[in-house]
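I open this notebook to record what I looked up in the structure, entry by entry.

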Amino acid sequence: MGRTLQNTMINLGLQNACDEAIYQLGLDMEELEEIEEDAGLGNGGLGRLAACFLDSMATLGLAAYGYGIRYEYGIFNQKIRDGWQVEEADDWLRHGNPWEKARPEYMLPVHFYGRVEHAATGAKWVDTQVVLALPYDTPVPGYMNNTVNTMRLWSARAPNDFNLRDFNVGDYIQAVLDRNLAENISRVLYPNDNFFEGKELRLKQEYFVVAATLQDIIRRFKASKFGSTDSVRTVFDSFPDQVAIQLNDTHPAMAIPELMRIFVDIEKLPWNKAWDITKQTFAYTNHTVLPEALERWPVDLVEKVLPRHLQIIYEINQRHLDHIASLFPNDVDHLRRMSLIEEGGTKRINMAHLCIVGSHAVNGVAKIHSEIVRTQVFKDFAALEPEKFQNKTNGITPRRWLLLCNPGLAELIAEKIGEDYVRDLSQLTKLHDLVDDDLFIREVAKVKQENKVKFALYLEKEYKVKINPSSMFDVHVKRIHEYKRQLMNCLHIITMYNRIRRDPANLFVPRTVIIGGKAAPGYHMAKMIIKLINAVAQVVNNDPVVGSKLKVIFLENYRVSLAEKVIPATDLSEQISTAGTEASGTGNMKFMLNGALTIGTMDGANVEMAEEAGEENLFIFGMRVEDVMELDREGYNACEYYDRLPELKEAIDQIKSGCFSPDEPDLFKDVVNMLFHHDRFKVFADYEAYVKCQEKVSELYLNSKAWTKMVIRNIAAAGKFSSDRTIKEYARDIWHVEPSDLKIPPPNEPREAAEDKTPNGTAA
């Protein structure tokens with residue numbers, strides 16, 4: 001979520017008033033804003049997307065709740081020591097959190113372990129361990145519409161009789177100390193992005209948020225006029241009309257068997273009715289196609305922690321496979337491919353398959369990604385129910401990612417086309433009329449230059465490095481992962497370095513290359529990549545021949561509040577994943593909206609950015625998805641490129657020989673070995689096209705006016721990438737609710753007049 005103060009002031013229309021008041025108290029608002037800790041409760045794109053969605057849902061007047069875990073320790077703070085990443089705990093609650101309100105009155109029990117008893121009345125889950133879920137509510141204000149939604153995060157608490165009720169031998173002190181075991185559930189965020197780690201604590205976290213949330217939703221449904229009670233029992237027929245639940249990847253997939261457990265075991269609904277309601281309630285968003293990221297929980301673990309849920313999953317699978325078998329008799333391979341249970345070695349539950357079978361809608365997050373989901377990853381399921389599969393291209397909130405982080409550009413745009421674009425970003429197309437307006441071109445360039453100077457000052461203060469604000473700011477910030485190919489950027493840096501050294505007199509367009517991002521603590525290769533970047537920076541930045549022509553900076557502890565500083569100052573945005581691996585990306589959109597040009601592959605939302613702005617207004621290079629598949633068929637041979645491309649060979653040989661690690665010449669042998677022998681992401685195959693494309697970038701940068709005109713064309717085409725548009729599509733196509741553009745009256749005005757206008761809406 002990042003910081004809350006400035007976002008709240010902007011959405012409430014109070015920023016100028018607050019700035020003025022603080023100024024009159026002799027204080028500086030910006031200094032105050034810097035004191036707030038980021039709420040870093042997610043890993044990367046998926047968590048930040050949810051934050052943008054909350055902002056858009058409130059702005060569109062949807063009655064929506066965001067549910068998650070109130071981690072005591074969020075994503076680790078990254079320190080760079082001697083070029084290596086070192087992790088520190090993110091004790092973000094140390095000084096308290098003024099935005100949250102504990103709601104002990106809504107505390108709920110969550111059960112683990114135990115066993116299942118089968119009786120005539122149905123199944124009973126007994127002898128469980130209970131953990132209490134304590135909700136903390138954070139307000140989510142819409143933009144200037146007097147709407148405030150809620151983000152409800154659950155914290156784990158041990159019940160007061162924890163370890164004391166069971167025939168305890170009398171070690172009271174130990175029993176109280178053991179309360180930590182229960183409360184550890186919400187202690188810390190697992191720091192993996194795009195990687196599945198099948199740990200028991202993680203499974204408990206996933207079930208914890210699901211069980212508490214579903215009880216909360218059902219309590220709210222029963223309290224509403226729709227949860228009509230027929231004598232004693234609630235009638236749930238209208239449940240899917242009143243409740244929509246969107247599963248953000250498979251992490252909350254246990255919600256499907258959990259809702260079935262509530263309906264069948266507790267509310268005593270017949271299975272088929274329960275299953276029909278469940279399917280109509282859930283929809284699933286897929287966020288990645290990398291096989292190592294797909295959640296596959298061992299059956300033994302689920303049986304231990306959630307024995308009843310395993311039985312329900314088996315029952316769901318049996319009925320699902322019976323249906324498949326009736327359509328494809330005698331085709332065991334078809335059954336094996338579509339089963340929720342993977343046999344062979346340890347039996348595992350494929351959570352994506354569970355989500356597809358248990359949802360009425362499945363979507364990818366960019367056109368190309370949704371296509372891969374439909375035609376490759378889940379093709380058997382899509383063949384069966386093609387109408388279930390959709391696309392919803394991601395977006396970003398223009399409040400945080402333009403108004404808040406780039407007020408200079410936001411005001412300039414408002415001067416030219418009015419202020420309405422903030423709620424309807426498609427209005428940015430009006431800027432196309434100004435692409436040849438010399439004054440506007442100068443003003444856009446001026447805003448960018450001011451942002452660069454400000455960021456250069458920040459870098460000087462924080463990193464003690466002097467950088468040239470007129471150099472091209474070439475920025476690559478995102479989680480460190482092999483598929484995102486920070487290594488390819490690194491090879492380009494070495495290539496530029498070698499070219500400067502070979503011909504120091506030659507005209508070289510000065511660059512400041514900024515790379516930032518966190519590596520999962522257990523991801524060895526990602527940590528080596530960080531070390532390599534820092535080792536290269538060390539050599540480049542201290543070579544007198546290079547001077548100010550090339551500087552390399554590794555941005556420490558990349559997070560939302562740092563993104564808000566670097567993105568508005570960026571000239572060139574690096575979006576260079578191997579085609580077919582980045583589901584969408586959202587950083588790409590933030591850079592586009594803030595006046596950077598994109599160098600990128602035809603991957604994720606880059607494809608649609610090129611479609612909107614015209615491919616000639618992005619620096620697109622490299623293999624397309626088809627080329628990657630073709631290369632896989634014929635077999636990727638890295639040596640072939642190494643032998644054919646002298647500059648690539650030179651760069652690799654320098655890494656290999658210890659040019660960047662003279663004290664430890666074979667420090668990077670693992671990296672080099674990977675690039676030659678098991679590079680799934682084919683860095684060498686795109687190197688030549690990337691370097692050539694970068695030459696085109698430098699050439700255009702020399703012509704400031706032509707560059708800025710291309711920037712304006714990009715900003716004018718960025719309207720599609722508002723999360724408001726994305727949420728309208730979810731609302732209409734999946735949740736079946738109408739967004740309302742109505743501004744509800746403020747609390748000091750009478751409500752009667754507005755009462756009739758309030759639409760009857762589903763809660764998402």
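Entry 1, a hairpin. I began with β6 and β7, which a hairpin joins through two residues. Strand β6 covers residues 115–119 and strand β7 residues 122–126; the two run antiparallel and are joined by five bridges. I noted that glutamate 117 has lysine 124 in β7 as its bridge partner. Strands (E, at least two residues) and helices (H or I, at least four) are DSSP runs, numbered from the N terminus. Two strands count as paired if DSSP finds at least two bridges between them.

The model is predicted: local features need pLDDT of at least 70 and side-chain atom pairs count only at pLDDT 80 or more, while totals for chains, interfaces and linings use all residues. Residues are numbered from 1 along each chain as its sequence is written, and side-chain values use heavy atoms, with hydrogens and water left out.

Entry 3, a three-stranded sheet. I found an open sheet with the order β14-β16-β15 and antiparallel pairing. β14 (296–298) and β15 (341–342) stand at its edges with a single partner strand each, so one side of each has no neighbour in the sheet. Two antiparallel bridges pair β15 with strand β16 (residues 348–350). Isoleucine 341 stands opposite isoleucine 349 in β16.

I then turned to an open sheet with parallel pairing, in the order β21-β20-β19-β22-β23-β24. Its edge strands, β21 (550–555) and β24 (619–620), each pair on one side only. Within this sheet I looked up β22 (residues 572–575) and β23 (residues 597–600), which pair in the parallel sense over four bridges. Leucine 572 has leucine 597 in β23 as its bridge partner.

Which residue does UniProt list for "modified residue: N6-(pyridoxal phosphate)lysine"? The unreviewed entry gives Lys590; such annotations may be inferred rather than shown by experiment. I located lysine 590 in helix α23 (residues 587–593). Lysine 590 counts as buried because its relative accessibility is 7% (buried is under 20% relative accessible area, exposed over 50%, partly exposed in between, with a 1.4 Å probe and protein chains only). Neighbours within four places in sequence aside, lysine 590 is in contact (heavy atoms within 4.5 Å) with Arg48, Ile396, Trp401 and Ile567.

Is valine 176 buried or partly exposed? I recorded valine 176 as partly exposed, because its relative accessibility is 34%. Valine 176 is found in helix α5 (residues 172–177).
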